[in-house]
Amino acid sequence: MNPFSSGTRLRDMIRAIRACKTAADERAVIRKECAAIRAAINENGQDYRHRNLAKLMFIHMLGYPTHFGQMECLKLIASAGFPEKRIGYLGLMLLLDERQEVLMLVTNSLKQDLNHSNQYIVGLALCALGNICSAEMARDLAPEVERLLQFRDPNIRKKAALCSIRIIRKVPDLAENFINSAAALLKEKHHGVLITGIQLCTDLCKVSPEALEYFRKKCTEGLVRTLKDVANSPYAPEYDISGITDPFLHIRLLKLLRMLGQGDADASDAMNDILAQVATKAESNKNAGNAILYECVETIMSIEDNGGLRVLAINILGRFLSNRDNNIRYVALNMLMKAITIDAQAVQRHRATILDCVKDSDASIRKRALELVYLLVNEDNVKPLTKELIEYLEASDQEFKGDLTAKICSIVEKFSPEKIWYVDQMLKVLTEAGNFVKDEVWHALIVAISNASDLHGYTVRALYRACQTSVEQETLVRVAVWCIGEYGDMLVNNVGMFEIENPITVTESDAVDVVEIAIKRQASDLTTKAMALIALLKLSSRFPACSGRIKDIIVQYKGNLVLELQQRSLEFNSIVEKHQNIRSALVERMPVLDEAAFFGKRAGSLLTTESISNGASLNLPNGVAKLSAAPLVDLLDLSDDAPAPSSSDGNFLHDLLGVDLAPASAQPGTSQAPKAGTDVLLDLLSIGTTTPVQSNSYKPDMLSSGQDSQKPIATLDVLSLPSSSAQANSSVGASPMMDLLDGLAPSSSNREDNGPVYPSIVAFESSNLRMTFNFSKSPGNPQTTLIQATFTNLSSNAFTDFVFQAAVPKFLQLHLDPASGNMLPASGNGSVTQSLRVTNSQHGKKSLVMRIRIAYKLNNKDMLEEGQINNFPRDL
């Protein structure tokens, strides 16, 4: 029997395994076979070594451990015959990988086989090296592989080129050794060798600027000729795919030309003609032709400017959008999103086709087309595009309405030519998909209505009409209720009637009906009902004739299970019954809302927290001002000790920190004692005073320089900003006791003389980030330590929105200065620095300790790193 044919033992093992009815039976068969193989290995018998290794490979493919047979691979590779080497190299590639230390033992055998006189054995060695080559093996065997790039047999040259790609990916420093050999492969006539040579050149260009420049100067014209020959070649059965000669070679050539033409005008000019020829000649009715066209378009869009070619490329993408294949349409939309930044006018010509894609049945195409339409909108086409999108909103699927509504609202807000058009479009969106509109959008609409005094009557009438037909849209009802409460008299009296409006007759009772329906509707949520109660209170003053009816509606909620509605009902009823003399003043029309301030908040200046550590913004959902103490509690591991904020007190800083923000009532010259129930967070962060503070007319200045203490304070600042220590015998104007926005107040630290220098430490290090501390002390103040923190990005991608937070025990006080930036360049090509000042009240008794939290975005994904620093020098 030929021992290298399909041996009966291997076949018997496979048959036995497949006959197993349970996993336990299979494991039993595998154990039996593995035991027999181990026995054969121990006996060091050579007759069935190849068969045992073949069985081990099958066992390995089933997922069972086969490490005990790794040395058998090496023994077979060291054999003289081709059949043994073949099974040995196959086992090597399957059973081992580049991380195995055993692999180092095969380097010498590989070197001998690469120099073997039998080209088939050379091919086996190249295959193995190309699959499992490590960096050490690459350095040892690179000369042999480079020599084989000029081997007489094309199959060996092809395998050597593929092996070279693996080598330069593992050791980029070796790239310069392969430049000349790779350039020689570009002149090959054999398509297999040519494709591998082109791929080798492409990888060399990625890792070596010298190789890129060399190929630009020496090989561009040759590559253009090769592409022209392939594009114009007659029918060749060996390379033909759907009537197209070797589309794989087409695509490889186009990718390499794209790299050579990018950023180089001369190389781009040399390839313009052939790119135009390929773009016009490739058949678009076949998948292979579409693949060539796509690569050609991507090359045209990447090389240096040629207006005519780019228009041609975008027209090809427009044809792709009409293709029935969803994949082709999707890649066309992706490419058009890149092209719009280069030639927006050419993309605009295909606007109608792109709009049709928004209505496509495929969800991925719909979403991508909607993103592209959003990029296409400008002041000139906003009206027709918005009209099309709103019309489609009526017929769109429920799962798509959320995205579509968000984009329409954003377009209307951003490009609105006039207020009345903005109001009209927003009312259409609210009528069709009000339940999908986000809170900040209808907030912005109310602000805009408030500022458009000439549109008050028009808007309230339009909302009244809309509520007659679309009462199920929650957001529409909210806006309508607010407007009827504010401008109900204008609705009844038809104030500000426009010519384009149809006359409407609304009585006071009709206006109250709308609000009553909203508050009694089962599906209405707490916000809608609360707004309706306020509107009723206002209408009780505007419509005296309906005051009794309104009072009856309000009284119905005196016993409501929802505390908010119960409280409003009782208070509003009291106003209606007992305070008639002040009711009209209480329910006056709201003053015009500050539009600029509101949109400034939405942009991030007020409603998003600007952390002192680096100024990065963190979005507060829907403008909610209250925030629990959980983030800081998590940072300090104090989840059980921190009291929850009180919802009855409007001052959330008082809730969170236990600090009284009211003006001090103590007499001048006396001190205020801290409350007995001071928040544990206050103690731990040393934010309050633990000893009496002597100060004249003491009042905590929470907002530092120039800020109005009556304005809402962004709560996330409390979480990210340790406050400065309380300074005794200081006036409020000179040095605030508690500056929660340290970066806004002048720094009082003196950095001219930093005193003795201490050894720096690596305070924190992960796979992505390293943070080092450099220490110094001010002369005459041993308790205070100045720390310079330096952050370095160890990953290959840049960090954005970088935020550093820290907390210390109560015997320490911590002050953070603003960071030098909020972006960390990749691979250590730059750093961010930040200064900290720590005061140790137990200096000499207790060492410094600090918990840290570092947040950043990596590839638009939020990342969070936490840790505790205990390795501070002892004498700090």
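**Rings, helices and buried spots**

Reply: Happy to! The structure holds 10 aromatic pairs, where rings of Phe, Tyr and Trp (its six-membered ring) pair if their centres lie within 6.5 Å, with planes under 30 degrees apart called stacked, over 60 edge-to-face and the rest tilted. Bear in mind that this is a predicted model, in which local features need pLDDT of at least 70, side-chain atom pairs count only at pLDDT 80 or more, and totals for chains, interfaces and linings use all residues. Residues are numbered from 1 along each chain as its sequence is written, and side-chain values use heavy atoms, leaving out hydrogens and water.

Me: What kind of aromatic pair do Phe-773 and Phe-775 form?
Reply: A ring pair is described by the distance of the centres and the angle of the planes. For Phe-773 and Phe-775, the centres are 6.2 Å apart and the planes make 85°. That angle makes the pair edge-to-face.

Me: How many residues apart in sequence are the parts that the pair of Phe-775 and Phe-872 ties together?
Reply: Phe-775 and Phe-872 also pair edge-to-face, at 5.9 Å centre to centre and 65° between the planes. Phe-775 sits in strand S6 (residues 769–777), while Phe-872 is in the segment after strand S12 (861–869); strands here are DSSP runs (E, at least two residues), and helices are runs too (H or I, at least four), numbered from the N terminus. So the pair ties together parts whose separation in sequence is 97 residues.

Me: Are Phe-775 and Phe-872 buried or exposed?
Reply: Buried means under 20% relative accessible area, exposed over 50%, and partly exposed in between (1.4 Å probe, protein chains only). Phe-775 has a relative accessible area of 3%. Both Phe-775 and Phe-872 are buried.

Me: At what angle do the axes of helix H15 and helix H16 cross?
Reply: Axes are lines fitted to C-alpha atoms, for helices over the stretch in contact, and angles run from 0 to 180 degrees between N-to-C directions. H15 covers residues 265–281 and H16 covers residues 287–302, and their axes come within 9 Å. The crossing angle is roughly 145°.

Me: Which residues in H16 do Leu-275, Val-278 and Ala-279 of H15 meet?
Reply: Contact means heavy atoms within 4.5 Å. On that basis, Leu-275, Val-278 and Ala-279 in H15 meet Ile-292, Leu-293, Cys-296, Thr-299 and Ile-300.

Me: Where does Asn-290 lie, and what is its relative accessible area?
Reply: Asn-290 belongs to helix H16. Not counting residues up to four places away in sequence, Asn-290 touches Glu-283, Ser-284, Phe-320, Asn-323 and Ile-328. Asn-290 is buried, and its relative accessible area is 7%.

Me: How far apart in space are Leu-565 and Lys-529?
Reply: Leu-565 is in helix H31 (residues 563–578) and is buried at 3% relative accessibility. Among the residues Leu-565 touches are Leu-526, Lys-529 and Tyr-557. Leu-565 and Lys-529 are 36 residues apart in sequence, but from C-alpha to C-alpha the distance is 7.6 Å.

Me: How many helices and strands does the protein chain have?
Reply: Of the chain's 876 residues, 49% count as buried. Among contacts between residues at least 6 apart in sequence, 67% join residues at least 24 apart. The secondary structure comes to 37 helices and 12 strands.
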